[in-house]
Amino acid sequence: MSKIILEAHNLSKAYPMRAGSQLTVLEDINLSVKEGEFISILGPSGAGKSTLLRILSGLIVPTSGKILYYGKDFEGAKPKIGMVFQSFALFPWLTVIENVEVGLKAQGTPTDVAREKALKMIDLVGLDGFEEAYPRELSGGMRQRVGIARALAIEPDLLFMDEPFSALDILTADNLRSELARLWNEKKLPIKSIIFVTHNIEEAVFLSNRAIILSHNPANIRAEINIDIPYIRNKNSKEFALLVDDIYTILTQPKKEIPFVLRKERYQFLPHTKVGAIAGLLELAQQNEEGVDISKLTSDLGLEVDDVFPLIEASALLGLAEVKEGEIRLTQAGKAFSKSDVLEKKVIFKEMALKNIQLVKQIHQVLLNAKNKRISEAFFLEILENHFTKEEAWNQLEIAIDWGRYAELFAYDYDTGEFYIEEETPVQQETV
Amino acid sequence: MKLQKSFPAIKGFSLPDIIVMLMFLSVIGIIFFLGSQWKGDLSSVANISLDYKYLPLYVIQSISRIAIAYFLSLIFSIIYGYITKRNKVTEVVMISLLDILQSIPVLSFLPGVLLAMISLFPNKRIGVELASIILIFTGQVWNMAFSYYHSVSTVPRDIIEVAKANHFSKFYKFLRIDLPFSSIGLVWNSMMSVAGGWFFLMACEMFAVKGKDFRLPGIGSYIQLAANQGEMQKVTLGLIVMVVIILILDFLIWRPLVVWSQKFRVDNIQSEDDKESLVLNLFMTSNIIDRLSRKFDQLIDKLNLIMLRFEKRTEQITTKKHRSSIIYLLLLATLCVMFFEGTKNAINLILKLNRDDVLMLLKAGVLSLLRTLAAILIASLWTIPLGVTIGLKPRVAKILQPIIQVTASVPATALFPVIIFFLIKLGGGLNFGSVFLMLLGTQWYILFNVIAGATAIPQDLKDMAKLYNLEGWKKWKVLILPSIFPYLITGLITATGGAWNATIVSEYVVFGGEVKKTLGLGSLISEASATGNYSILLASTLLMAIIVISLNRLIWKRLFSLSEEKFRVE
């Protein structure tokens, strides 16, 4: 039996908000990492994957719960932590070798030992000959190799990777992924386990031997799936495709916990989308009466789950589509919407938004009752900031502006920051 | 093979080595010279000779004062940054304190600082020297402190996490993260600060407090003395020497520093037109510098080891926390007592003012406000059209930019004697003349920013304007003014601040042994400082600070955030 390196018990993370309320990002997370495990954490964007990773690596302190490292208190143990960032996080003014050495030197490793270890890691990630180059001379893929070498150089037990390949182009990312899988499989990495955050399902299935799937708002663990396919995995094998499909199903299943369903006690969360994109998705989905497989739709479009998810959520929220077992199917209204012309579309959208979207409804109501049919954005921000962070409150309002404008329910004046209802004035004849 | 490449073999001495060594030698020589000068008695202070042969010695002393004040500013800025970043409370307090301090004109600090220094070193020249250095320091430090704080607060989160994951010691984080990230901003602000040092040099080298004259040998006092004695030839000579020195310093220090600091750019894009500096290239090829920097790196690693051990030890004895909290309490109590005593004293001083004084103060406030506004307006009237014309034509910009830069680097205060000479000949008083003097010091901020703004207008928008035949006023309204707006605001903010500071030297001028003045807050401060009228000094300083801060908060900050939101071209 392999030893357990890291245990997390009842982790929660909440951020204080105005008026004493709290925004809970993570709720009651329990997990353990054994030696020799490659774990991936999956979930929709904004689910708190990165927050969880940072808590597990000791960078952020959880609001409650505790983390044990080989059975001892994590903070007291002060273990070495390797961290690979999406943004690479290299020092632009240090050369490749200086970047790789930086962690060793910070911990007081003698110069010659540090140099030797750094060179070894640079060899391992295939950057031979680039020791004296500066990061800005390197391509994105090579920069991330430096990032990985730096994390490995301090020889940590645990390597944390935060969407390490998502800032790279598809081919480069594929290449790096295969190399990571090979190095891991050949046990060439000076580490015991990897914890890997991604929103790319195929990536998780390709690399890890256990996938942890998070729900969101707030995040808790929806499912843990063991992946026993031997390395190096073939993406075209039936086994692989089935697993990918399974995870899609879990991620898209409209269970109570996920935000497709309106929750009474929580303010409705609007997915970050524009009306145009929702309409586009509905067009695609209507091609098949029986419903369209989401994973197929995603790969057909050449998009990531992250891009398509908000659209599906938004269509479901609006009551224009339903999601069942990894398939998206249009509702009656949705079908009508996708078939009509621009003006009719607006009418249907208006009706559905007024019926289903809390914020749009609220803005419209308040405006109808307002004296001169004008209300400052501050009013709605005030309400929203009781439920969301400042930044998210803005996002929510912007989405409502986009949707409300499309439905011609209300307008928004950017300069004064006011919402208003346009008077029904006859269209003026343009003088030619 | 690889290892050899990074540790080049050192063979003999090259020409750069010899030059570098000579430079070190001269620095040591200057330090000894200063030491011998400063040890002297106060009585020798007033003897400033207008003989040419003393000029080099004066120049060295002036540069040393500015340099010492500058390094003090640098150290202060870094420490201030750390205290500010300590926690949320200190952040709020320290930042607003900084805002207030930077709105207080240099001369207001003079009497207090000078008296303190003289009582510390009775009858010794070092007292006056230190007072002068502290004065220059107060003119240099604030924008550097702001810049450092700003850079440290905007270090990307990922980089901070790298430091955390690798258990960087505080010392290592400072050297490897904070300092590199702030270097570009610090270099630019250092240039501005030192330029400010030259601007106020005359006021800082030759001053009267409580009717007593204090003079320190330096290029600033040389020019002023020559002007007082009506020796225009020597004024001109002093001026030329000063400008040449500024240009040499720019070539030897600032240009290399600016180019070198480009290394610390955060964006990962390879810049097309990497700037060059002859001096920097010289340094880079010098073996000695190479060896020294390697030694320096090793020293950092050694120091880091010590710091690591130290931090571990302090961590183990965190249980003894209550001892440090007692020290904190004592510190806080002392601060409270000082605060209380200071406020009491200040209120007493202000209460001594009678009604006439208050009326005069208010009138002076209005007059100075009008003058600064007039200066800014006149400056905008000519700099905006010129700046836009230059900025829209890259070829013209390439030719004119260096010329303007040289012109702008002349400290306007040094020109004052010449200008006053003509103003008096023309028969104009200082009432309007002072506006002109302020203009000299502040117009450049607007011009440079407008040029930068016009250069940054995207080609697409310019093409669009051409396609739609946008001409004349329409083109200004639709394209040019909105595009340069953020830059213009930045320039105006800096220029207004500069104009207020310049009221002190432009509303009250000593020329030909005579005092020329016109009513205004600046002249009140200068006069009160010279005659030792602390009530007026304090009240006028306070009033000026209030006006400057309210203008900043009520007008400029709002315009600035508007420009950030609406008119940013990306």
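Guide: Gladly, and one definition comes before anything else: two residues are in contact if their C-beta atoms, placed from the backbone, lie within 7 Å. Among contacts in chain A between residues at least 6 apart in sequence, 70% join residues at least 24 apart. Please keep in mind that this is a predicted model, where local features need pLDDT of at least 70 and side-chain atom pairs count only at pLDDT 80 or more, while totals for chains, interfaces and linings use all residues. Residues are numbered from 1 along each chain as its sequence is written, and chains are lettered from A and ligands numbered from 1 in the order in which they are written.

Visitor: What makes a set of residues a nonpolar core?

Guide: It is a set of buried Ala, Val, Leu, Ile, Met, Phe, Trp, Tyr and Cys residues joined through C-beta atoms within 7 Å. The largest one has 125 residues, and A:Ile122, A:Ala149 and A:Ile195 have the most contacts inside it. Helix 11 (residues 305–318) of chain A gives this core its largest share, eight residues. A separate second core of 98 residues includes B:Val450 and B:Val510.

Visitor: How do you know what is a helix and what is a strand?

Guide: Both are DSSP runs numbered from the N terminus: H or I over at least four residues for helices, E over at least two for strands. Chain A has 16 helices and 16 strands.

Visitor: Why are helix 20 and helix 22 of chain B called roughly antiparallel?

Guide: Helix 20 (residues 472–506) and helix 22 (residues 534–566) of chain B pack at about 175 degrees, their axes 9 Å apart. Axes are lines fitted to C-alpha atoms, for helices over the stretch in contact, and angles run from 0 to 180 degrees between N-to-C directions. Angles under 35 degrees count as roughly parallel, over 145 as roughly antiparallel, 65 to 115 as roughly perpendicular and the rest as oblique. The two helices of chain B are therefore roughly antiparallel.

Visitor: What makes strand 1 and strand 2 of chain B a pair?

Guide: Two strands pair if DSSP finds at least two bridges between them. Strand 1 (residues 206–209) and strand 2 (residues 212–215) of chain B are joined by four bridges and run antiparallel. B:Phe207 stands opposite B:Phe214. The two strands form a hairpin with two residues between them, and B:Lys210 in the turn has a positive phi of about 55 degrees.

Visitor: Why are strand 14 and strand 15 of chain A said to stand at the edges?

Guide: Three strands of chain A form an open sheet in the order 14-16-15, with antiparallel pairing. Strand 14 (374–376) and strand 15 (411–413) of chain A each have a single partner strand, so one side of each is left without a neighbour in the sheet. Three bridges join strand 15 to strand 16 (residues 418–420) of chain A, and A:Tyr412 stands opposite A:Phe419.

Visitor: How many residues of chain B are in contact with chain A?

Guide: There are 27 of them, in contact with 24 residues of chain A. Helix 7 of chain B supplies the largest share of that side, six residues.

Notes. Buried ≥ 20, exposed ≤ 12 C-beta atoms within 10 Å, placed from the backbone.
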